[in-house]
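Here are my notes on this one, written as numbered points. Have the model open while you read.

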Amino acid sequence: MQGNESTRLVCSILAMDQSCFSYKVCRFCETPVPDDKPAEFICNNRKCAGRRRSSKRLFRLLVCPWQFSIGTETRVMNVVAFDRAAQVIFGCSAQEFFDFSILHPCAVKIASKVLVGELLKVTLNSPKRGKAEHLRMTNIVPMSSDFEPVIETLRKVDWT
C-alpha cells in the first residue's frame with residue numbers, strides 16, 4: 001500500500017496483545033503523556049500552551065502475529081487499531097474500558113478471548129507518519145449478525 005491508498009478486506013482476529021489496550025493523552029489536544037503523569041498535569045503541547053489539563057485514555061490495539069493479529073484467507077498482517085475504530089468493537093471509550101478493567105482485572109484477558117475469531121470488514125490505510133510501522137485499521141465493521149460489543153459481553157459476566 002502506498003501513500004493515502006486504502007484497502008478494504010474481510011479478516012478475522014487471530015490474537016490480541018493484552019498488555020497495551022490503551023494509552024494516556026491530554027484531554028484537550030490528545031498528545032500522548034506518560035502513564036505515571038498525575039490525572040491533572042501541565043501540558044507542554046503548543047495547542048495547550050503550558051496550561052493545566054486533565055488526561056483521558058484512547059484505544060491502541062496492536063495487531064501483530066505475536067500480539068494482536070488479523071488474518072485474511074491468504075495472509076496474516078501487522079496492523080494497529082486506534083481509538084475511533086476500536087470503539088466499534090469495544091462499544092465504549094478506552095477510559096470506560098480502563099476503569100472497568102481496574103474493577104475487574106480479568107476483563108482484558110476475557111476481552112481478548114471474546115474478540116479472537118471475530119470476523120470483521122476493515123479498511124486499512126498506510127501510516128501518516130514516517131516512523132510508524134503498522135498499517136492502520138481506520139474502519140471496522142463486525143460481520144456477524146449477533147456481534148455484541150466487548151463491554152456488553154463483560155457486563156454479563158458473573159464477577160463474584
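**Notes on the predicted model**

1. Let's start with a charged pair: Glu-30 and Lys-56 join their side chains in a salt bridge, at 2.9 Å from N to O. Glu-30 sits in the loop between β2 (22-26) and β3 (40-42) and Lys-56 in strand β4 (residues 52-63), so the bridge ties together parts that are 26 residues apart in sequence. Keep in mind that this is a predicted model.

2. How exposed are the two partners? Glu-30 has a relative accessible area of 39%, so it is partly exposed. Lys-56, on the other hand, comes out at 18% and counts as buried, because the cut-off for buried is under 20%.

3. Next, have a look at Asp-35 and Arg-57, whose side chains also meet in a salt bridge (2.9 Å, N to O). Asp-35 belongs to the loop between β2 and β3 and Arg-57 to strand β4, so this pair ties together parts 22 residues apart in sequence. Here Asp-35 is exposed, with a relative accessible area of 52%, whereas Arg-57 is buried at 10%.

4. How many salt bridges does the structure hold? The count is 5. One of them is between Arg-155 and Glu-96, with the closest N and O atoms 2.4 Å apart. That pair links distant parts of the chain, since Arg-155 is in helix α4 and Glu-96 in helix α2, 59 residues apart. I'd check that spot in the viewer.

5. Staying with that pair, Arg-155 is partly exposed, with a relative accessible area of 45%, and Glu-96 is partly exposed too, at 33%.

6. Now for helix α2 itself. Which of its residues are buried? Across residues 94-103, they are Ala-94, Phe-97, Phe-100 and Ser-101. Viewed down the axis of α2, these buried residues fall within an arc of 125°, so they line one face of the helix. On the other side of α2, Ile-102 and Leu-103 are exposed.

7. Phe-100 turns up again around Trp-159. Trp-159 lies in the segment after α4 (150-155), and its relative accessibility of 29% makes it partly exposed. Beyond its neighbours within four places in sequence, Trp-159 is in contact with Phe-100, His-104, Cys-106, Ala-107, Ile-110 and Leu-154.

8. Two distances are worth noting for Trp-159. Its side chain reaches the backbone oxygen of Leu-154 at 3.1 Å.

9. Last one: is Thr-123 buried or exposed? At 7% relative accessibility, Thr-123 counts as buried. Thr-123 is placed in strand β8 (residues 119-125). Setting aside neighbours within four places in sequence, its contacts are Ser-6, Thr-7, Arg-8, Arg-136, Met-137, Thr-138 and Asn-139.

Note on methods:
Residues are numbered from 1 along each chain as its sequence is written. This is a predicted model: local features need pLDDT of at least 70, side-chain atom pairs count only at pLDDT 80 or more; totals for chains, interfaces and linings use all residues. Side-chain values use heavy atoms; hydrogens and water are left out. Helices (H or I, at least four residues) and strands (E, at least two) are DSSP runs, numbered from the N terminus. Buried means under 20% relative accessible area, exposed over 50%, partly exposed in between (1.4 Å probe, protein chains only). Contact means heavy atoms within 4.5 Å. A polar contact is a pair of N or O atoms within 3.5 Å; within protein, one must be able to donate a hydrogen and the other to accept it, and residues adjacent in sequence count only if both atoms are side-chain atoms. The arc is that of the directions from the helix axis to the C-beta atoms. A salt bridge is a side-chain nitrogen of Lys or Arg within 4 Å of a carboxyl oxygen of Asp or Glu.
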